[in-house]
Amino acid sequence: AYGCIDIGEHITYLNNEVFINKNKQETEIIYYVYALIDPITKEPFYIGKGEDDRALSHFKETALEKESNNRKTAKIKKLKSLGYEPMIEFYAQNIIDEDLAYYIQEKIVEKHKLQLESGVY
């Protein structure tokens, strides 16, 4: 993936669980950039940077109650009320540098804003 170093780590999303297969030292933190996708429209409604199970934390009821991003939370709750779960798409994985992860996240957000403004979505 763009800007990533391959160190033998894979992120697998299966049945609402993230499995991170690591081949790294205990002290090393690995980041990824992901999107929450509306399963109805297939459009991303949130782009995030995370580590460990951050991508899944959005779906926990306790996290939804504490979440400060009201737009994202409302979207997740609406989808759940309709019987859907947001999908997760990983754009970049195995990122060792947090600043690089934020940079990739920023560029992906910019790309999606341009697509929305140009009517691609």
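**View 1. Tyrosine 84 is partly exposed, with a relative accessible area of 38%.** Here, partly exposed lies between buried (under 20% relative accessible area) and exposed (over 50%), using a 1.4 Å probe and protein chains only. This is a predicted model, where local features need pLDDT of at least 70, side-chain atom pairs count only at pLDDT 80 or more, and totals for chains, interfaces and linings use all residues. Residues are numbered from 1 along each chain as its sequence is written, and side-chain values use heavy atoms, leaving out hydrogens and water. Look for tyrosine 84 in the loop between α3 (70-81) and β5 (87-95); helices (H or I, at least four residues) and strands (E, at least two) are DSSP runs, numbered from the N terminus.

**View 2. Helix α3 has a buried side and an exposed one.** Lys72, Thr73, Ile76 and Leu79 are buried in α3. They cover an arc of only 130° around the axis, so they sit on the same side of α3; the arc is that of the directions from the helix axis to the C-beta atoms. After α3 comes glycine 83, with a positive phi near 90°.

**View 3. Strands β3 (residues 31-37) and β4 run antiparallel, joined by six bridges.** Two strands pair if DSSP finds at least two bridges between them. Tyrosine 32 has glycine 50 in β4 as its bridge partner. The hairpin has six residues between the strands, and lysine 42 takes a positive phi near 65° there. As for β4 (residues 44-50), seven of its seven residues are buried.
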